[in-house]
Amino acid sequence: NYCILSFDLNLLKKINDTYGHEKGDELIKRFADVLREVYSLYGLVARTGGDEFVAVLDNVSAEETEKLISDMLGLMEQKNKEDAVLKLSAAYGYAMSDEIQDSNPHTIYKVADDRMYECKKKSKLGRND
C-alpha cells in the first residue's frame with residue numbers, strides 16, 4: 001500500500017508579480033522545506049515543476065495521511081507567523097493505492113491531482129493566484 005499526494009502552492013504568481021521572482025523562489029523553497037520536514041521520513045518528496053509538488057508515501061493508511069496533512073498545515077501556519085510577506089498556502093489532494101481498482105501509479109496520481117484541483121476550487125484560489 002502506498003499513497004500519492006499532489007500539492008500546488010498558492011499565490012506564487014502574486015508574490016512574483018508584487019515582490020519579484022527572487023521572493024517567489026524563496027516561497028517555493030519555504031514550501032519545499034515544509035514538505036520535506038513533514039513527509040520525507042515516509043517516502044519521496046519532489047517538485048514536479050513550477051509550483052507543483054508530489055509525495056509518494058510508503059505503507060501509510062488514509063488516517064496517517066490525514067494526520068500528516070494536518071501536521072503540514074500546522075507547520076505552514078507556524079511559518080506564516082514568522083514572515084508576513086511570504087504566506088504559505090497550498091491546495092492538496094491524495095489517493096491511496098488500495099482505494100482504486102487500477103493500481104497503476106499514473107492512475108493513482110491522476111486521482112490525487114484531480115482531488116488537489118477540487119481543493120483549490122473550494123479555497124477559491126485559482127491557478128492565476
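1. A salt bridge is a side-chain nitrogen of Lys or Arg within 4 Å of a carboxyl oxygen of Asp or Glu. Keep that in mind as you look at this predicted model, which holds eight salt bridges. Here are some notes on a few of them.

2. Start with lysine 67 and aspartate 71. Their closest N and O atoms are 2.7 Å apart, and the two residues form a salt bridge. Where do lysine 67 and aspartate 71 lie? Both belong to helix α3 (residues 62-82), and they sit four residues apart, about one turn of the helix. Lysine 67 is partly exposed, at a relative accessible area of 48%, and aspartate 71 is partly exposed too, at 31%.

3. Next, have a look at helix α2 (residues 21-39), where arginine 36 and aspartate 33 are three residues apart, so about one helical turn separates them. Their side chains meet in a salt bridge, with 2.4 Å from N to O. How exposed are the partners? Arginine 36 has a relative accessible area of 45%, which makes it partly exposed. Aspartate 33 is also partly exposed, with 38%.

4. Finally, turn to helix α4 (residues 105-122). Lysine 121 and glutamate 118 are three residues apart there, about one helical turn. They form a salt bridge in which the closest N and O atoms are 3.5 Å apart. Is lysine 121 buried or exposed? Lysine 121 counts as exposed, because its relative accessibility is 61% and exposed means over 50%.

Terms used
Residues numbered from 1 in each chain as written. Predicted model: local features only at pLDDT ≥ 70, side-chain atom pairs only at ≥ 80, totals over all residues. Heavy atoms only, no water. Helix = DSSP H or I, 4+ residues; strand = E, 2+ residues; numbered from the N terminus. Buried < 20%, exposed > 50% of the residue type's maximum accessible area, 1.4 Å probe, protein only.
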